[in-house]
Amino acid sequence: MPLAVTHVLLTIIVVDIWRDYFTKHKRYVTMHTLFLAGVGGLLPDLDVPFNIAANWMGMTLPKLLQHGGITHTPFFALLFFIPGYLLWKKRKHRMAMYFYVVSFGILFHIFLDWFLGGGSYEGIMWLFPFSLQGFKVHLLLLVGGGNIPSALDAVILLFWLWHEEMKHKITDFI
Ligand SMILES: [Zn+2]
């Protein structure tokens, strides 16, 4: 249930903080990398428009292609991680980083859906393709959902604005 803004911004914030304070590969992380991290953070929900389009055409998709299906599994993230790893080995570091952050964005998305509530009712299939068992905490649904997702959106947006403001103030001094 986390909304699009939460998914996109939170992924960008985490990657941005990681870039600013934790990685020694900073030069491989460009503005494009941050953009793609945001895209990756929303990518699993591609199954939503996909299903709407299918419904328009009068089709019902198999369960794995429905919302919260295969795009909400670590397996889907792995599909981006592997090319990233191969590119990194070939010393195409910037390109590899694009795939890594998309892969991270997907994992982070399904973590949020698992923890806060999102994807399919049954939960996240962490073990796919070995098992179709779903797992969930769905914290927001437990505490009664309501306006929390929108509030979360607002808080994250403000936090991000504040972080950007602080960062630029700091760089002004350097
Ligand atoms: Zn989702």
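These legends go with several close-up views of a predicted model.

Figure 1. The protein chain holds 7 helices and 0 strands. Read from the N terminus, its elements run α-α-α-α-α-α-α. The C-alpha atoms fill a box of roughly 55 × 45 × 30 Å along the principal axes. Of the 174 residues, 40% are buried. The chain exposes about 10400 Å², and carbon and sulfur atoms supply 74% of that area. Contacts also reach across the sequence: among those between residues at least 6 apart, 63% join residues at least 24 apart. Charges are present too, with 13 positive and 10 negative side chains. The centres of these two sets lie 16 Å apart.

Figure 2. Asp16 and Arg19 both sit in helix α1, which covers residues 4-22. They are 3 residues apart, about one turn of the helix. Their side chains form a salt bridge, with the closest N and O atoms 3.1 Å apart. Arg19 also meets Asp20 in a salt bridge, at 3.7 Å from N to O. Is Arg19 buried or exposed? Its relative accessibility is 14%, so Arg19 counts as buried. Asp16 is buried as well.

**Figure 3. A salt bridge links two loops.** A search of the whole structure finds 3 salt bridges. One of them joins the side chains of Lys63 and Glu122, at 3.4 Å from N to O. This pair links distant parts of the chain, 59 residues apart. Lys63 lies in the loop between α3 (47-56) and α4, while Glu122 lies in the loop between α5 and α6. Lys63 has a relative accessible area of 51%, so it is exposed. Glu122 has a relative accessibility of 42%, so it counts as partly exposed. Elsewhere, shared partners join the salt bridges of Asp16, Arg19 and Asp20 into one network.

**Figure 4. A nonpolar patch lies on the surface.** Which residues form this patch? They are Phe111, Phe115, Leu139, Leu142, Val143 and Ile148. Together they have about 520 Å² of accessible area. Two elements give two or more residues each to the patch: α5 (93-117) and α6 (139-142). Phe111 is one of the patch residues, and it is found in helix α5. Its relative accessibility is 36%, so Phe111 counts as partly exposed.

Figure 5. The cis peptide bond joins Phe128 and Pro129. Its omega is about 5°. Pro129 is found in the loop between α5 and α6. His138 lies in the loop between α5 and α6. Phi of His138 is near 50°, a positive value in a residue other than glycine. His138 has a relative accessible area of 7%, so it is buried.

**Figure 6. Arg91 has a positive phi between two helices.** Where is Arg91? It lies in the loop between α4 (74-89) and α5. Its phi is about 65°, a positive value although Arg91 is not a glycine. Is this side chain's residue, Arg91, buried or exposed? At 66% relative accessibility, it counts as exposed, because the cut-off for that word is over 50%.

**Figure 7. Pro83 is a proline inside helix α4.** Pro83 is found in helix α4. Its relative accessible area is 25%, so Pro83 is partly exposed. Leaving out residues up to four places away in sequence, Pro83 touches Leu78 and Phe99. Met95 is 12 residues from Pro83 in sequence. In space, the two C-alpha atoms are 9.5 Å apart.

Figure 8. Asp153 belongs to helix α7, residues 148-173. Which residues does it contact, neighbours within four places aside? Asp153 is in contact with Leu3, Val5 and Thr6. Asp153 and Val5 are 148 residues apart in sequence. Yet their C-alpha atoms are 6.1 Å apart in space. Asp153 has a relative accessible area of 12%, so it is buried.

Technical notes:
Residues are numbered from 1 along each chain as its sequence is written. This is a predicted model: local features need pLDDT of at least 70, side-chain atom pairs count only at pLDDT 80 or more; totals for chains, interfaces and linings use all residues. Side-chain values use heavy atoms; hydrogens and water are left out. Patches are made of residues with over 30% relative accessible area and no salt bridge: like charges are joined within 9 Å, nonpolar side chains (Val, Leu, Ile, Met, Phe, Trp, Tyr) within 5 Å. Accessible areas come from the Shrake-Rupley method with a 1.4 Å probe; for residues, only the protein chains shown count as cover. A salt bridge is a side-chain nitrogen of Lys or Arg within 4 Å of a carboxyl oxygen of Asp or Glu. Helices (H or I, at least four residues) and strands (E, at least two) are DSSP runs, numbered from the N terminus. Buried means under 20% relative accessible area, exposed over 50%, partly exposed in between (1.4 Å probe, protein chains only). Contact means heavy atoms within 4.5 Å. Lys and Arg count as positive and Asp and Glu as negative; His and the chain ends are not counted. The place of a charge is taken as NZ of Lys, CZ of Arg, CG of Asp or CD of Glu.
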